[in-house]
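The sequence and the structure are shown first.

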Number of protein chains: 4
Amino acid sequence: MSLSIGVDVGGTKIAAGVVDEEGNVLEALRRSSPAKERAAIIDMIVAVTAELAARHKTASVGIGAAGFVSSDRSTIAHGTNLDWTGLNLGQAVSGRVDLPVVVENDANAFGWAEARFGAARGKKNALIVAIGTGVGGALVVDGRLVRGAAGFAAEVGHITSVPGGRPCGCGRRGCLERYASGTALGVNGWELAQFRPAYAARIIELSGGDSSHIKGEAITAAAREGDPAALQCYDDLAGHLGRGLADLCAVLDPEVIVIAGGLAEAGDILLAPTREVFHTEITARRARPEIPVVLAEGGQYAGLVGAADLARQV
Amino acid sequence: MSLSIGVDVGGTKIAAGVVDEEGNVLEALRRSSPAKERAAIIDMIVAVTAELAARHKTASVGIGAAGFVSSDRSTIAHGTNLDWTGLNLGQAVSGRVDLPVVVENDANAFGWAEARFGAARGKKNALIVAIGTGVGGALVVDGRLVRGAAGFAAEVGHITSVPGGRPCGCGRRGCLERYASGTALGVNGWELAQFRPAYAARIIELSGGDSSHIKGEAITAAAREGDPAALQCYDDLAGHLGRGLADLCAVLDPEVIVIAGGLAEAGDILLAPTREVFHTEITARRARPEIPVVLAEGGQYAGLVGAADLARQV
Amino acid sequence: MSLSIGVDVGGTKIAAGVVDEEGNVLEALRRSSPAKERAAIIDMIVAVTAELAARHKTASVGIGAAGFVSSDRSTIAHGTNLDWTGLNLGQAVSGRVDLPVVVENDANAFGWAEARFGAARGKKNALIVAIGTGVGGALVVDGRLVRGAAGFAAEVGHITSVPGGRPCGCGRRGCLERYASGTALGVNGWELAQFRPAYAARIIELSGGDSSHIKGEAITAAAREGDPAALQCYDDLAGHLGRGLADLCAVLDPEVIVIAGGLAEAGDILLAPTREVFHTEITARRARPEIPVVLAEGGQYAGLVGAADLARQV
Amino acid sequence: MSLSIGVDVGGTKIAAGVVDEEGNVLEALRRSSPAKERAAIIDMIVAVTAELAARHKTASVGIGAAGFVSSDRSTIAHGTNLDWTGLNLGQAVSGRVDLPVVVENDANAFGWAEARFGAARGKKNALIVAIGTGVGGALVVDGRLVRGAAGFAAEVGHITSVPGGRPCGCGRRGCLERYASGTALGVNGWELAQFRPAYAARIIELSGGDSSHIKGEAITAAAREGDPAALQCYDDLAGHLGRGLADLCAVLDPEVIVIAGGLAEAGDILLAPTREVFHTEITARRARPEIPVVLAEGGQYAGLVGAADLARQV
């Protein structure tokens, strides 16, 4: 049975692991990564890979990286957090570990794990949406990951939610990410705290009493208690998210939508209003099968599991 | 060299032809089709197929049909113009012509011809958008047609353009189709004719003088003369279309966008403002390769050519 | 007791009457007015005025005219239906009837009758909104009619309802009039008839079966029967109207809002959803007295009654 | 020549002065006001009034107060910053200073000074808009201040700018104040600092380097240097402000619009884009006289000058 090494390279830490064909993690390592320089990052990737390869008979290496990855599945076309635009990362690592190396976008790697071994397992068409600081995603069509012509596909957080709306780091205005991310949740709470402080009293209290520093966790905690202002923060977000998911399904028609990322921890507080809007908004809703919206199952190693598994797909 | 028969079944006529592997049409037939009943339509499909099969040695039949087609590539999951929801059309025809039959959505068949032999030939990732009465499309990802889990993919006319906007036949509000189709162009002209008749004078004149019956052709003709009101009708439409294309590219990242359908005949009157908005709106525009927006090349037989070619793909 | 003559000059007819201080019409005349030329219109105004003055001892003449009237209350600053921009109408008539003449905007004249003798009688602050082909209005503040610096006040149909929305004859986009007039009701019905014909079946039927010619009366008749599509046409309109009234009240804070014009005949079909939105949308709703929204009481002579009464105010 | 005392009661200080009929301040006093209790505030108003009345022969007292003032021009119908809802402030003061006392909304008092002695002097119809933390205003129609039926008129910051937009303290959503105030300017800067930090670098730098605490002053300073991000913050605000002013002019048709408040200090950075949008958006712009948009002239004592002058108007 073939083993593969997966490496998940984040802005502040690296996780690596040995993964079997059923998605089981046989051994995993974690390293905090203060370095932002290319050479140091490559060194660290090589080090964890070599360490694992010494103890396990592995056939391939998959790296999940923050950034857009070229269609060669090796070069970073455009880095986002790390300064490695243009780097042929696959080649740089492969030469030193003597194994074939595949590089994939980290959200794609994570989503692939969900599609293969998680909440979308057994489905050939799935949409995975990760809601954290931003909104990312992965698309699986006919059992294959959609990367796009230049590695820029599945940027589901950058479809329009509000024409002419909030400015986005991507250069557009009104992107879904600006209304349906953890950051957006905090903005919703901040607005209520500024302009309707009595209504937002519980959110402010749970944020430590400072109405100019509203914490997403405070909103979630208040929503769990049933606080109307906190629930409104989630409902506003879910209105945008549900409509955005309906837009994506008009294009992709998946069998299932998997919601992942930090905000997924809110569970039904997020999912119930999102499902309601989604099922109202989906095009041709009376003619088509219902598309379930479910929570991700993947744990802390989903990113490296997906990268390892993608390294097996040629 | 393998030949395939393509059949394009529209609401009012049927076209069929024999197609070689390079997309050439060796012989074509056209029949007007007054019948809307299942049996009569099947009879007519069988008749034209048998006629062509008698004169050419063919290996397969592809039918392009208006409606959502199930993943079996044979059953009409939901008919739109014709009353054949639930019909296993492939089986019904195959048993009588003694050839393998594949059924595909007609917009998909058309788009596939464009991807294989037309403006997107040689590209593995393409987005084809057909702008006529409505807005339809086809997606090609990694060289394969995207049909979706239940045959409902590529409904690109039913992503949101205006939240809470014009009601759409699909059950949603504010769909792109309601703002960027030939019908929408007419609505734009009608609004100007009603509320700014002096400004819209040339459009009204070319529509035969009746300000309550504005014709799309009149708007296009006036726009060709440089009439400001007519150009505004196109610019308004292009604003929605350009933004919608940018949304689709955030999801799909194609190498090329092909604009087809009746409105494509307006050429640069449509394309110039659409490209301008699209290139401004596309996410991460400074980091990614430019995506060209071009006109379709396929002629009158593109629908049957695509259907014939898809019949060869298993 | 002082009598005054009121003249209401419309696009197709002239009505004139003798009005006492309590708003009673002692005698009224009506003339159809095919003429659009200045001289002919003036002749006709002089004729009806002279005829009434010959039979009643009157002290003044008030003319309600379609157009913006200068602050001299005599000159047509800008005509709308009739070609009399720049005409000093008051002077032209006064010289020939030997009575003081005052000219007022026709919507202002109508609204003043409502404020003095109709649904807003006894109130010093009132907003009258007339919903017909367009949306017009009159403002009464501290018991006085608000005309504006140049006669352009109370254009309540031309506040924004939808930023960047439907083009308006006034040069703006998204004016309230484009979403909350009788014309807009017809557009709402037309959209449903085009894009959701099954849903709009009853509206189409009552329009004579032609889905491209939807009549406002058909929508109202269907709404009276409880037809959901027709009620949606009204609800959509009421959403814009209710919000617009709330915007106007934020500026003016009247004691009462009077709804007049042809669409007012729909009664509660219009008023119930309008009130609901209005009371939700009004700023500071918990701190302020409730502002009732009521139907106009003035009958067919309201326009001339108001003009006659305004002629007494110096 | 008649003298009047004006008192301007803010949340943190009281200013009082003796004002002649031409708006000159003969003597002024300022007191910081830590007290929020009714009795203490009344004591302080009485103290400054008595002190001035002892040195000047005065005929009346005008108090400008934060809150909605009833039509009796004496009772606080609804307090905003201070807890004095329901207090008959005029009576409470009048009994102790032995002079007639009139209470007016503070924005109305300020605006009245501008209309009588400032940028709108000599005009009978004026709109004064004060842009500070929020957006307030005053309306002068036919030479008279518009207070509304219950003292709630001229709430120009609470007309809709964005349907369904940012929540407002007044209970609505999308109020002009949420998009065109000093607070909104800070939100605009904060959004750019969060999502486009490179673009907003100069704003962040001038805010002391902390991208989560963007200061309005920093945006204004950067805009003065020509920084594109800071100018965008102002342009976005001006887009809303210009359209809002056009909406107000459709209702009121003033001769002049006066921009006051803290943000007015930005001068042409605010005014130039606001004028451009306003002149494009105003209804019937080709038919009507142009309405100039100018800066307020009133200095630090405008609030008390207006209150003093209103005390003379019966």
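The model is predicted. Chain B and chain D do not touch, and their nearest C-alpha atoms are 11 Å apart. Chain A and chain C are likewise joined by no contact. The table lists these two pairs.

| Pair of chains | Contact | Distance between closest C-alpha atoms |

**Chains A and B**

How is chain B placed on chain A? Chain B is superposed on chain A by a rotation of 180° with 0.1 Å of shift along the axis, and the RMSD is 0.1 Å. This is the relation of a two-fold axis. Of the interface residues of chain B, 100% are also interface residues in chain A, so the copies meet through the same surface.

**Domains of chain A**

Chain A consists of domain 1 (4-113 + 300-310) and domain 2 (122-296). The C-alpha centres of domain 1 and domain 2 of chain A lie 28 Å apart. Their contact takes 12 residues from domain 1 of chain A and 13 residues from domain 2 of chain A.

Which elements supply at least two residues each to the side of domain 1 of chain A that touches domain 2 of chain A? They are strand 5 (67-69) and helix 3 (106-117) of chain A. Helix 3 of chain A gives the largest share of this side, 5 residues. By class, this side of domain 1 of chain A has 7 nonpolar and 5 polar residues, and no charged residues.

Conventions
Residues are numbered from 1 along each chain as its sequence is written. Chains are lettered from A and ligands numbered from 1 in the order in which they are written. This is a predicted model: local features need pLDDT of at least 70, side-chain atom pairs count only at pLDDT 80 or more; totals for chains, interfaces and linings use all residues. Copies are superposed by least squares on the C-alpha atoms of residues with pLDDT of at least 70 in both. Two residues are in contact if their C-beta atoms, placed from the backbone, lie within 7 Å. Domain bounds come from an automatic or database domain assignment. Helices (H or I, at least four residues) and strands (E, at least two) are DSSP runs, numbered from the N terminus. Ala, Val, Leu, Ile, Met, Phe, Trp, Tyr, Cys and Pro count as nonpolar, Asp, Glu, Lys and Arg as charged, and the others, Gly among them, as polar.
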